[in-house]
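Please open the structure in a viewer and keep the selection tool at hand.

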Protein chains: 2
Amino acid sequence: MQPVLIAGQWRAADAAGKFTAFNPQTGEALPDVYPTSAWTDVEAALDTAAAAFQTLRTLPRVKIAEFLQDFASRIEVRSEELCALANAETGYPVKPRLADVELPRTTGQLRAAAAACEDESWTQPTIDTKLNIRTRFEALGPVAVFGPNNFPFAFGSCSGGDFAAAIAAGCPVIAKANTSHPGTTRLFAELAQQAAEAVGLPSGTVQLIYRTSHADGERLVADPRLGAVAYTGSRHAGLKLKTAADAVGKPIYLELSSVNPVVILPGALKERGEKLVDEFVASVLMGTGQFCTNPGLVVLLAGAETEQFLTAVGKKFEAAPVGALLSGNVAESLARGVEVLTHAGAKVVAGGKKPDAAGFRQPNTLLRATAKQFIAEPHVLQTECFGNASLVVVCENINELVGVIKSLEGNLTGCVYSDTAGSDDATYDAVAPVLRERVGRLLNDKMPTGVAVSAAMNHGGPFPATGHPGFTAVGIPTAIPRFAMWCCYDNVREQRLPLSLRNKNPTGELARLVDGKWTTSDC
Amino acid sequence: MQPVLIAGQWRAADAAGKFTAFNPQTGEALPDVYPTSAWTDVEAALDTAAAAFQTLRTLPRVKIAEFLQDFASRIEVRSEELCALANAETGYPVKPRLADVELPRTTGQLRAAAAACEDESWTQPTIDTKLNIRTRFEALGPVAVFGPNNFPFAFGSCSGGDFAAAIAAGCPVIAKANTSHPGTTRLFAELAQQAAEAVGLPSGTVQLIYRTSHADGERLVADPRLGAVAYTGSRHAGLKLKTAADAVGKPIYLELSSVNPVVILPGALKERGEKLVDEFVASVLMGTGQFCTNPGLVVLLAGAETEQFLTAVGKKFEAAPVGALLSGNVAESLARGVEVLTHAGAKVVAGGKKPDAAGFRQPNTLLRATAKQFIAEPHVLQTECFGNASLVVVCENINELVGVIKSLEGNLTGCVYSDTAGSDDATYDAVAPVLRERVGRLLNDKMPTGVAVSAAMNHGGPFPATGHPGFTAVGIPTAIPRFAMWCCYDNVREQRLPLSLRNKNPTGELARLVDGKWTTSDC
């Protein structure tokens with residue numbers, strides 16, 4: 001049985017159960033056995049995290065930045081091993097996905113977090129010199145990070161975006177491994193622990209448990225020792241945690257589900273239909289469709305080009321290899337989702353036949369429905385089919401198209417393709433404002449699957465895509481203040497102020513909002 | 001029966017009941033009768049607000065700014081009437097409180113919101129030129145504002161900070177009047193409606209209902225047509241609304257309760273004990289103690305000066321006039337709170353005898369308890385006594401003092417007084433970090449009752465003082481993004497972008513975060 005990482009020690013879990021991961025390509029269990037922790041493990045982790053937080057608050061920020069840098073370097077040194085483990089546990093190919101895309105993104109994100117931690121720009125120092133009131137964001141306390149199954153590196157609970165943001169804020173992390181890739185997470189935790197020791201961060205800055213009972217998960221997110229929670233995963237489990245955290249006023253940041261509507265207007269189909277077929281097929285099937293921003297819903301106006309598009313996509317779906325899904329659960333859930341849609345009247349354009357290859361698989365599935373069907377049962381027909389499936393809704397006219405968009409829940413992304421000659425512009429103007437309100441990121445002429453790590457990125461959106469439309473889970477430094485509180489100093493004596501709020505700009509480079517103007521000058 | 005303001009019309013409510021306000025100075029009912037609205041009124045307000053929001057989104061921001069300016073001017077023209085109404089409904093003196101303090105603060109806040117609305121700085125435009133990703137805050141949708149009893153102007157549901165912030169964001173407001181000052185709120189709504197008509201804002205930009213059933217209140221805050229909720233009031237009612245809003249992922253900003261601990265260290269007592277007695281007494285008794293930031297808990301170290309402080313404060317409490325409380329409920333709730341504290345072992349230093357003057361009153365009450373008592377039952381002994389009462393906790397040593405602070409829930413403010421010679425500095429260093437984590441605003445040498453409207457102010461704090469420690473309810477422009485979502489534009493064509501996200505800086509003065517640097521230049 002694999003040990004858990006608590007209080008800086010790899011120690012035997014107080015195991016209430018055990019589990020293994022599976023190789024999605026074969027469906028076979030992997031050899032390592034992992035514990036389901038009893039509450040005593042969580043209790044110990046919370047106590048240690050609370051103590052570590054008190055120490056972290058007193059350390060110069062540069063130490064935390066050094067940790068993030070050192071951790072990133074250790075990841076690079078062990079990249080082959082990490083990719084091999086993740087390949088076995090997720091079925092994602094080592095190249096290009098794991099080694100060339102996700103790993104560099106992960107280390108880049110950690111280094112960006114290091115830079116943000118050191119320059120403190122994320123704290124948004126705000127000073128009123130006349131009233132002598134000064135405010136900035138400061139770390140909130142230990143953060144429990146529940147990572148998703150689909151990004152073992154870049155959103156891993158012990159390596160990814162939420163982890164990097166929480167650490168950069170100065171918060172210890174209690175990582176809850178995603179149970180489909182516990183070995184990958186364990187290796188990240190080993191490297192993080194080594195980095196913490198090398199730099200001299202308190203033990204308990206990074207801790208790892210693999211699994212708890214649902215009840216203990218809910219108890220964890222409501223614990224007074226915790227500052228906040230970050231969760232990415234299924235809507236069902238996320239909402240249970242949200243209820244528990246909300247009841248005690250604990251900030252919980254959730255990324256739950258999204259069908260990511262893509263509207264392709266007729267002019268664009270006419271102008272570049274074949275190219276759009278390729279773009280769409282690549283976006284849906286990449287990573288077997290297991291992206292939070294996978295285009296699960298395409299909205300088209302009826303016409304000959306639309307039929308050509310559907311036929312062409314259907315052919316490509318049939319011809320494309322059927323990728324492995326991350327787990328048996330994902331495969332079952334996808335099959336159930338497709339059944340919900342077909343039961344509601346969606347027709348199968350491609351798919352329908354279970355692939356006979358080994359491993360966790362469902363056919364590449366393209367469904368179609370009418371706008372009338374969609375508008376009659378919007379909650380049913382926007383059921384997320386996480387994986388290699390997408391629903392095309394064909395509208396008879398622009399009113400129907402707008403009606404479909406109006407009936408959407410909150411989503412991470414929404415996209416409109418239009419032609420370059422201007423024939424779609426009037427329709428764009430009718431559709432885009434309606435879509436804008438319902439999505440965190442509005443795209444033009446581009447599939448939503450790429451999520452760049454940029455301060456201008458928004459990986460967020462209205463409920464139920466996330467728990468709050470004002471926050472992003474991706475983007476440094478923008479994702480960091482989720483794990484902070486707005487801390488005001490009123491008439492506090494100069495020498496007692498944090499350095500960044502004193503009259504003198506500590507670096508001469510920190511942007512501060514002084515008397516309403518952003519400046520790097522002293523007060 | 002007074003009419004409600006729905007869809008730009010003052011119309012008869014669909015009344016499920018009725019109520020009157022009371023004159024707190026006499027305890028007598030005021031003549032006007034107000035309706036408790038049935039759901040049909042709320043339904044109509046929601047429909048109209050949703051339509052108004054769609055229009056507001058298309059208007060130039062300057063129109064909204066003009067509305068806020070015009071409204072502020074109308075308030076000034078009718079200030080005598082407003083003060084007379086508020087005086088009758090709240091018992092607050094016309095001068096200085098209503099006419100010289102709260103009214104100018106209210107109009108100042110509306111004008112600051114107008115400026116912020118026009119300059120758009122609150123939208124935090126963030127641009128990545130290399131990736132062509134651009135993001136800013138945009139209005140979230142109609143906001144239901146539940147105003148508190150204690151600031152009929154500056155936090156009035158139709159005039160105060162939440163109202164100004166929501167409107168500045170571009171959100172219509174459905175104001176739920178505080179039932180202790182419905183007439184004041186009605187007059188504000190009249191002036192707001194006149195301003196909206198004069199400027200040409202859509203009807204339904206400002207709507208007013210007075211009261212609903214609890215069930216309809218919970219239904220309102222969970223309605224899909226609503227963007228967000230702002231509530232200031234009792235913890236009990238606020239948490240009910242929070243549960244309803246949380247269940248559907250609706251952002252709700254709450255300001256609930258706070259005892260606002262004030263630690264006075266021995267050196268400060270020695271150095272300026274008499275002055276501190278006066279400061280404290282003035283802060284506790286001002287407005288009959290009905291401030292969110294009223295110092296309800298004082299923490300002292302045992303000693304002769306502490307006994308002198310207690311005796312002197314006690315005498316002044318007994319000698320001071322007993323102000324009127326805002327309502328019979330406030331008076332009863334204060335009496336119950338004092339009873340909870342004395343039942344838990346707190347001793348009465350001053351108070352205890354019900355004043356025989358007319359109106360809603362409780363004696364100016366000073367209680368004392370030991371740190372041991374406090375630490376044994378912290379949840380009981382930090383019961384908020386909203387009004388003219390305060391509890392002094394006397395600690396035998398610094399460990400006890402830190403223990404008391406550690407046992408506190410989240411508060412809006414926390415203050416430490418220390419001497420100027422440095423004898424308190426070591427104790428300050430032990431206490432301040434513990435207090436810092438538990439309060440939104442940390443003060444030195446100053447009572448917490450003044451809440452300046454400044455970008456650097458934080459009127460917020462950890463739960464249960466508020467619902468989320470990252471937001472402030474006071475401060476322009478900082479309070480505005482609560483009513484907005486983070487809206488990203490990815491690869492959106494230049495001419496389709498909002499003006500403030502295009503390459504050219506629309507005013508040449510808007511601060512934008514372009515490629516990591518705040519600048520007013522074009523991209």
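Begin with the interface between the two chains of this predicted model. Select the residues in contact: chain B contributes 51 residues and chain A contributes 51 residues. On the side of chain B that touches chain A, four strands each supply at least two residues, namely β5 (126–128), β6 (133–139), β18 (439–444) and β19 (484–490). Colouring the side of chain B that touches chain A by residue class gives 27 nonpolar, 14 polar and 10 charged residues.

Remain in chain B and select two helices, α4 (residues 94–119) and α5 (residues 161–169). Two packed helices are described by the angle between their axes and the distance between the axes. For this pair in chain B, the angle is about 20° and the axes are 9 Å apart. Angles under 35 degrees count as roughly parallel, and α4(B) and α5(B) are therefore roughly parallel to each other. The crossing of α4(B) and α5(B) is right-handed. To display the contact, show B:Q109, B:L110, B:A113, B:A116 and B:C117 on α4(B), together with B:G161, B:A164, B:A165, B:I167 and B:A168 on α5(B). By class, the contact of α4(B) with α5(B) comprises eight nonpolar residues and two polar ones, with no charged residues.

Turn next to chain A and colour its two domains separately. Domain 1 consists of 4–19 + 30–256 + 470–482, and domain 2 covers 261–444. The C-alpha centres of these domains of chain A are 33 Å apart. Their contact draws on eight residues of domain 1 and nine residues of domain 2. On the side of domain 1 of chain A that touches domain 2 of chain A, one residue is nonpolar, five are polar and two are charged.

Finally, select A:A44, which is found in helix α1 (residues 39–58) of chain A. Is A:A44 buried or exposed? A residue counts as buried if 20 or more other C-beta atoms lie within 10 Å of its own; A:A44 has 20 such atoms and is therefore buried. Leaving aside neighbours within four places in sequence, A:A44 is in contact with A:I6 and A:A7.

Key
Residues numbered from 1 in each chain as written. Chains lettered and ligands numbered in written order. Predicted model: local features only at pLDDT ≥ 70, side-chain atom pairs only at ≥ 80, totals over all residues. Axes fitted to C-alpha atoms, helices over the stretch in contact; angles between N-to-C directions. Parallel < 35°, antiparallel > 145°, perpendicular 65-115°, else oblique. Left-handed = near helix turned anticlockwise from the far one by under 90°. Contact = placed C-beta atoms within 7 Å. Nonpolar A, V, L, I, M, F, W, Y, C, P; charged D, E, K, R; others polar. Buried ≥ 20, exposed ≤ 12 C-beta atoms within 10 Å, placed from the backbone. Domains from an automatic or database assignment.
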